[in-house]
Amino acid sequence: MGSRRVQMASPGRKRCRRMAELQTITVPQQVSQVFLSGDELLKHHLLKMLVTDLLPFSKVKDVGFRAFCRGLNPTFDPPSSALWVRTELQSVYEQIKVKLRNTLLSVPEVALTAEMWTHTSEGVYLTVSCHFIDRYWKRRNCLLETVALGSEREAAHVVEQLLKTSSDWGIAEKVKVVVSNVKSKDSMTESCEAKGWVHMRCFVRTLDIVFREALGQLDAVEPSWRLPQLLRRCRAIVRFFQQDRDAQRELHANQEKLNLSPLRLVQAAADDTWLDVGTMLQRLSQQRDAIYQVFLHHVKVDLWLNEHDMEKIDAILAALQPLRDTAKEMVSDGYESLSNIIPLVDNLQKSMARLSEDGNQVAKALADVCMRHFGHAGNNRWMALSTAMDPRFKNTMLFSSRAQTIEQKLQAELKALCPSKDASPLGFGTDEVDATLTEYKNTNTKVRDQNPLDFWRLPRGLKKLSHVARKYLTVVSTAVPLQRAFNPEISRRVHHSRCHLEPENVNLMMFLNGHWSIESSNSPESD
C-alpha cells in the first residue's frame, strides 16, 4: 500500500512507467518485458534515435548533442561512450536475431532480395533481406545482413555471399527466387541458376536500364538530339547555382517576383536514373524564366537553354510521365508482390504507344526498349503465375490469349501437391484440379484496391490453390523498399546516412534499422 501511495504521488514516474510499457522492445513479438526508469527510458529513446537515423555512435560525444539532451531534461546525463552504445545495441541485436531465426524455422519458403550499394569510401556493400508470407497471410520483410564486398562486383561472388548468408540463417533450401539490383559484367541469372535459384532483376533497376538504353538508341538514330551534351549542360546549370550563393539568392528573388514556386534545383546522379533526370529537367523547365534572369545578369550564355533545347526537354518529360504514373501505382511503403509487373508494363506500353503516335520520339525509343525487356514477361513462369494468383489481376492471365498456357502451369503446380494420381496428404485428388481452377476463375474479384493476401486469408473453397498462391506471391518486385525506390530525396538521405556509419557498425545498424527503428513495421512505435 505504501509503495502504491508513492506512485500516486509521483505522476511523472507513473507516466514514465506507462511509456516504458508501450515502448517494450518487440520484433515482431516481444523480445523482453522490461520496465524502465526515467533515465533508462531516455537512454532507450537515444538508442532508437541512433538506429532510426543511422547515426554514428560518436554522435553521443558531440558537445551540441549533449547540450541539447540536457536542455530537454537538465537531470539527464546522456551516455558519452560509443562503446556503451555498441554494447547496448549488440544486446538488442542478439535478442532480435534469436527471435527471427526461430520465426524462419517454420517458414516453408522465402524469396531473397539483394541490394548492392556503394559506400563513398569503403567500396561496395550488399544488403540481403528475405521475404515470406506468414500463416496469417501477412507479408514479412526481414533484413538479414549487410556485408562489405570491397571491389568484388562479380555476380558469382555476390551469389556465393547470398548462399553463405542464407545458409547462416538456415534458409538456403527454402530460397527459390532472388531479386537483385546487382550491376555486374557477368550474369546474375546464370550464377543463381548454378545454385538452383531463379534470378529476377529489380523492376526499378530495369526501368533505369530501359531509360538509359532508350536515350542511347535515340541519340544513335537522331544524332541531332545530342542528348548526352544536353544533360551535361543541365547538370552544369544546377551545379552553377549550387556553387554560387549570390546566384542562389537572385534565383529566389526572381522566383518570388515571377510568382513561381520557390523550389530548389535538383542535381541528377551521374548514372542517369530516369527519376533523377526527370526531376532535374522538370525543375529546370518550371524555373526557366527565373534562371534566365540570373544568366542575363551573370552573362552565362554558355549555360542557357534555347527553344530547341526546351522542346527536347518537354519531349523527355512527356515520355517519362507514364513511368511516373507507374511509380504512383506502386504506392506501398515497403515491398509489393511481383504480381503487379505484367499489368503495369501493359499499361506502360499502351501509354508509350499513344505518345509515339503523336510523334514523341523519346516515347518511341522507350516503347522499343520496353518491348525488348518486358515483351516476354508473360512467358516468365514466376511473373505469369504470380499475376494469375493475384485476384486483382487474374483476368489478365486467365481470360486472355495466355490463358491456356497459364492454366497448364497451374495444373502442374496443383498436381505437384499430389504424390499419386488420386489423392495427396492435402486431400487433393487430381480430378479436382480443373474444378478448383474453374471456381477460382469464376470468383468475383473486381476490387482493385483489395490486398491480394486478404483474399487468400479468408476461408473459402480454394484452400488447396492457396498453397500455390503463397509460393508465387512471396516474390517481391524490387530489391529496395518502394518508398526509397521512387523517392530520390529519401534515397539520397538513406545513402548519406549509411555512408557515414563506421564500417564495423554497418551491419549492426542496418539490421536494427530494419527491425527496431521507430519507422520499422516491426517496431511497436509503428503500431
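This is a predicted model: local features need pLDDT of at least 70, side-chain atom pairs count only at pLDDT 80 or more; totals for chains, interfaces and linings use all residues.
Residues are numbered from 1 along each chain as its sequence is written. Local features need pLDDT of at least 70 and side-chain atom pairs count only at pLDDT 80 or more, while totals for chains, interfaces and linings use all residues; side-chain values use heavy atoms, with hydrogens and water left out.

The chain holds 24 helices and 5 strands. These are DSSP runs numbered from the N terminus, with helices (H or I) of at least four residues and strands (E) of at least two. The chain has 527 residues, and 49% of them are buried. Buried means under 20% relative accessible area, exposed over 50%, and partly exposed in between (1.4 Å probe, protein chains only). The accessible surface of the chain is about 25,800 Å². Carbon and sulfur atoms account for 51% of that surface. Areas come from the Shrake-Rupley method with a 1.4 Å probe; for residues, only the protein chains shown count as cover. Contacts were also sorted by sequence separation, a contact being heavy atoms within 4.5 Å. Among contacts between residues at least 6 apart in sequence, 67% join residues at least 24 apart.

Side chains of opposite charge can pair when their charged atoms come close. A salt bridge is a side-chain nitrogen of Lys or Arg within 4 Å of a carboxyl oxygen of Asp or Glu. The count by this rule is 23. R249 pairs with D246, with the closest N and O atoms 2.4 Å apart. R249 and D246 are 3 residues apart in helix α10, a separation of about one helical turn. R249 is exposed at 52% relative accessibility, whereas D246 is partly exposed at 42%.

A second pair sits in helix α20 (residues 452–457), where R457 and D454 are 3 residues apart, or about one helical turn. Their side chains meet in a salt bridge at 3.5 Å, N to O. R457 is partly exposed, with a relative accessible area of 41%. D454 is also partly exposed, at 23%.

Another salt bridge joins the side chains of D276 and R492, at 3.3 Å from N to O. D276 lies in helix α11 and R492 in helix α23 (residues 488–499), so this pair ties together parts that are 216 residues apart in sequence. D276 is buried, with a relative accessible area of 11%. R492 is partly exposed at 32%. D276 and R492 also belong to a network of salt bridges with R264 and E489.

A surface patch of negative charge gathers E152, E154, D186, E190 and E193. Patch members have over 30% relative accessible area and no salt bridge; like charges are joined within 9 Å. Asp and Glu count as negative and Lys and Arg as positive, with His and the chain ends not counted. Each charge is placed at NZ of Lys, CZ of Arg, CG of Asp or CD of Glu. E190 is exposed at 58% relative accessibility.

Two loop residues have positive phi without being glycine. N259 has a phi of about 60°. N259 is placed in the loop between α10 (245–257) and α11 (274–286). Its relative accessible area is 71%, and N259 is exposed. For V299, phi is near 50°. V299 lies in the loop between α12 (288–298) and α13 (307–329). V299 is exposed, with a relative accessible area of 62%.

Notes:
Patches are made of residues with over 30% relative accessible area and no salt bridge: like charges are joined within 9 Å, nonpolar side chains (Val, Leu, Ile, Met, Phe, Trp, Tyr) within 5 Å.
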